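User: Please take a close look at one part of this model and describe how it sits among its surroundings.

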Amino acid sequence: MFNTILVALDGSPQSLAVIELSRKVTAGHPATIHILCVVDGAYLLPEENYFYLEEQHATEASDGLIYPPADREYQAAQETVNQAVGSLRWENCKVSGLIVGGEPTQVIIQQAARLKVDLIVMGHRHLSSLKRWVEHSIVKEVIDLAACPVLVENEETEQSC
């Protein structure tokens with residue numbers, strides 16, 4: 001039985017299937033679920049490298065300027081996390097949301113260790129053979145580096161190809 005779970009989401013259409021898989025894994029027993037959305041660190045304006053869902057996001061940088069691309073990126077991540085947290089809340093389940101800036105594989109592994117999770121749940125992008133040559137597989141890297149089991153949602157969506 002898994003008591004502490006990290007659910008890594010990227011906001012893709014497959015995120016809904018990952019959330020549903022997480023619900024199935026935790027159904028019927030108390031669990032703590034940490035929803036994680038990783039964004040490019042350049043899009044997080046304040047000094048801290050991560051924000052908990054309950055904290056307010058500053059739309060103004062320390063130089064007093066507003067950066068619309070950074071704000072849009074953060075808002076999309078926050079929407080993804082909010083949707084997942086709302087969807088996974090029930091009586092025996094504690095759910096928290098986290099947005100972290102950085103390289104996805106490193107952030108997922110670091111947060112899994114910091115939160116002492118029993119399981120990582122994430123989605124798999126179905127890349128074409130050509131894209132696999134160009135882009136690295138985050139899922140493969142997480143599976144290779146994780147100190148806990150990794151459960152991968154393999155449902156293919158139209159936009160994940």
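Which residues does Leu 145 touch, not counting residues up to four places away in sequence?

Analyst: This is a predicted model, in which local features need pLDDT of at least 70 and side-chain atom pairs count only at pLDDT 80 or more, while totals for chains, interfaces and linings use all residues. Residues are numbered from 1 along each chain as its sequence is written, and side-chain values use heavy atoms, with hydrogens and water left out.

Leu 145 touches Thr 105 and Ile 109, not counting residues up to four places away in sequence; contact means heavy atoms within 4.5 Å. Leu 145 belongs to helix 5, residues 138–145. Helices here are DSSP runs of H or I with at least four residues, strands are runs of E with at least two, and both are numbered from the N terminus. Thr 105 is 40 residues from Leu 145 in sequence, and their C-alpha atoms are 8.7 Å apart. With a relative accessible area of 56%, Leu 145 is exposed. The classes are buried under 20%, exposed over 50% and partly exposed in between, using a 1.4 Å probe and protein chains only.

Asp 118, in the loop between helix 3 (104–115) and strand 5, is partly exposed at 29% relative accessibility. Leaving aside neighbours within four places in sequence, Asp 118 is in contact with Phe 2, Asn 3, Thr 4, Cys 148 and Pro 149. Of these, Cys 148 is 30 residues from Asp 118 in sequence and 5.8 Å away, C-alpha to C-alpha.

The interior comes next. A nonpolar core is a set of buried Ala, Val, Leu, Ile, Met, Phe, Trp, Tyr and Cys residues joined through side-chain atoms within 4.5 Å. The largest one has 21 residues, and those with the most contacts inside it are Val 7, Leu 9, Ile 33, Ile 35, Val 95 and Val 121. Two or more residues come from each of strand 1 (4–9), helix 1, strand 2 (31–39), helix 2, strand 4 (93–101) and strand 5 (119–123). Helix 2 gives the most to this core, with six residues. Ile 35, not counting residues up to four places away in sequence, touches residues including Val 7, Leu 9, Val 81, Val 85 and Val 95. A second, separate core has 17 residues, among them Val 38, Ile 108, Met 122 and Val 142.
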